[in-house]
Amino acid sequence: MQQEITVIDHKKLLETISFYKQKKARLIAITASSKENTELSYSFDANDTSNTVQKIVRINITNETIDSISEIYPYAFLYENEIKELFGVKIKNISLDFDGNLYKVSKKEAFNPNAKEETFKKTDKTVSQTDKSSKKTEQKDNKSSSEKPAKKGGQKK
Amino acid sequence: MSRTVIPFGPQHPVLPEPIHLDLVLEDEKVVEAIPRIGYVHRGLELLVQKKDFKQYVFVAERICGICSFMHGMGYCCAIENIMDIKVPERADFLRTLWSELSRMHSHMLWLGLWADAFGFESLFMHSWRLREKILDIFEQTTGGRVIFSVCEIGGVKKDIDAETLKNISSKIDEIKKDALEFSKVFYKDKTVAVRTVDVGILTKEQAFALGAVGPMARGSGLSQDLRSTGYAAYGQVDFEPIFETDGDCYARTAVRIREFFQSADIIKQCIGKMPEGEIRQKVTGKPNGEYFMRLEQPRGEVLYYAKANGTDFLDRVRVRTPTFANIPAMLETLKNSQLADVPLLILTIDPCISCTER
């Protein structure tokens with residue numbers, strides 16, 4: 001399987017990710033790798049089995065805060081929480097932010113070679129959602145609660 | 001209506017491994033579920049900086065006890081792509097054969113757990129009885145039943161002689177015959193239908209939007225199956241991705257049952273087309289570069305990313321397991337479900353927390 005890696009400026013991240021979303025590409029994963037800098041790779045699949053080219057969008061950051069892509073790809077929140085917690089990458093506006101409580105690991109930023117030796121301090125606040133996303137969830141809940149799925153009854157053949 | 005938050009897990013009878021969910025309920029209806037993982041995070045990805053690139057195969061195989069072989073294979077394929085190693089054809093066929101046996105055993109294990117979750121214990125026992133026969137084939141061909149360490153960078157460590165292949169072929173026929181008999185219960189029994197039909201519906205659009213993979217995606221009508229890209233020997237066997245369109249628990253069960261029989265057919269094809277020749281390619285030098293390898297495990301697509309720097313020790317290995325990818329889809333199916341269905345809806349993704357906590 002071929003792979004195409006495109007390195008972009010982190011300021012153009014949302015714009016680039018939106019482009020892939022418009023093309024109906026599937027986000028496969030976000031991969032972080034840290035040495036002197038931290039490298040974030042966003043892998044995409046065109047969701048077409050005949051297309052064997054993987055597209056990878058990459059940004060390099062040192063200490064910058066980057067935007068969450070969870071508004072564009074809602075399921076990115078898990079990847080972003082993981083990267084935030086294990087690599088210490090600053091990511092803002094994650095739709096479901098665990099504030100460092102996704103993993104119960106004893107060492108803070110365990111995958112970041114440049115991290116200071118520090119153990120985790122557990123906070124009471126474990127999960128926070130941005131106001132926008134919680135409102136959305138509420139609206140969706142209200143809508144869907146009135147639409148009860150009809151039972152098919154009987155058995156399938 | 002007032003809301004109640006019920007903690008579900010990390011210890012629960014339906015969960016063999018720890019995962020926690022905060023279930024927000026209105027009466028008996030779940031309106032929201034917030035996951036918490038990481039109770040047994042092992043940091044295996046970080047171990048790549050302490051084990052050399054050949055030793056790490058053994059670590060990769062220990063990420064999961066069910067799809068152990070495919071973890072080892074995923075890692076080996078990533079390194080082989082970086083080093084531009086052409087694996088012998090026979091090794092590719094053997095890898096495909098063991099991969100499909102792993103899929104059969106994984107699906108049969110899940111079907112048993114699934115039956116047990118809705119209280120059908122005899123069906124659970126029948127499923128696991130059949131699974132034992134597949135484990136026997138593993139033992140016969142590799143010496144191991146769970147982790148068998150036959151995959152290595154450049155090929156495989158063990159060959160299977162013609163007599164054993166013939167023997168496997170007849171055993172597969174027996175297993176298929178048995179499975180055909182009791183799969184009718186999954187398809188037609190009323191008690192199974194009551195607990196699975198129209199339960200936990202995930203539409204095709206939702207499955208795509210939430211990044212679902214494997215039988216979770218295929219049960220909702222997405223025909224994504226990485227085997228179609230033709231890695232290992234998949235390009236030389238005939239098969240089509242299996243999918244169902246209803247998107248409920250019943251559809252996901254049907255996908256796994258049909259894939260069980262499909263895997264049996266692929267194994268028979270591999271045995272029929274098995275080429276003669278070497279089973280391993282000599283590996284010289286050290287890897288330098290990076291590669292994103294994807295393959296289809298029983299639970300869905302897995303991603304193996306390896307980044308090497310020309311030394312014995314890699315800079316990074318990253319594994320994105322199918323369970324990790326299916327968590328958002330599982331949360332969606334939990335919304336508006338009944339509290340009594342929560343254990344089934346968690347099991348429906350075939351969760352492997354061991355994989356997730358790599």
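Modeller: Here is a look at that sheet, its helices and the side facing the other chain.

First, some housekeeping: this is a predicted model, so I take local features only where pLDDT is at least 70 and side-chain atom pairs only at pLDDT 80 or more, while totals for chains, interfaces and linings use all residues. Residues are numbered from 1 along each chain as its sequence is written, and chains are lettered from A and ligands numbered from 1 in the order in which they are written.

Now the sheet. In chain B, three strands make an open sheet in the order 6-7-8, with antiparallel pairing. Strands here are DSSP runs of E with at least two residues, helices are runs of H or I with at least four, and both are numbered from the N terminus. Two strands count as paired if DSSP finds at least two bridges between them. Strand 6 (288-297) and strand 8 (316-320) of chain B each have a single partner strand, so one side of each has no neighbour in the sheet. From one strand to the next, the twist averages 10 degrees.

Zoom in on strand 7 (residues 300-309) of chain B: five bridges pair it with strand 8 of chain B in the antiparallel sense. Across that pairing, B:Ala306 stands opposite B:Val317.

Helix 2 (residues 68-83) of chain B touches strand 6 and strand 7 of chain B, and its direction makes about 145 degrees with that of strand 6. Helix 10 (residues 322-334) of chain B touches strand 6, strand 7 and strand 8 of chain B, and its direction makes about 130 degrees with that of strand 7. For these angles, axes are lines fitted to C-alpha atoms, for helices over the stretch in contact, and values run from 0 to 180 degrees between N-to-C directions. "In contact" means that the C-beta atoms of two residues, placed from the backbone, lie within 7 Å.

In total, 37 residues of chain B are in contact with 34 residues of chain A. Strand 6, strand 7, strand 8 and helix 10 of chain B are among the elements that each supply at least two residues to that side of chain B.

How confident is the model in the partner? Chain A averages a pLDDT of 75, and 69% of its residues score at least 70; pLDDT is the predictor's confidence in each residue, from 0 to 100.
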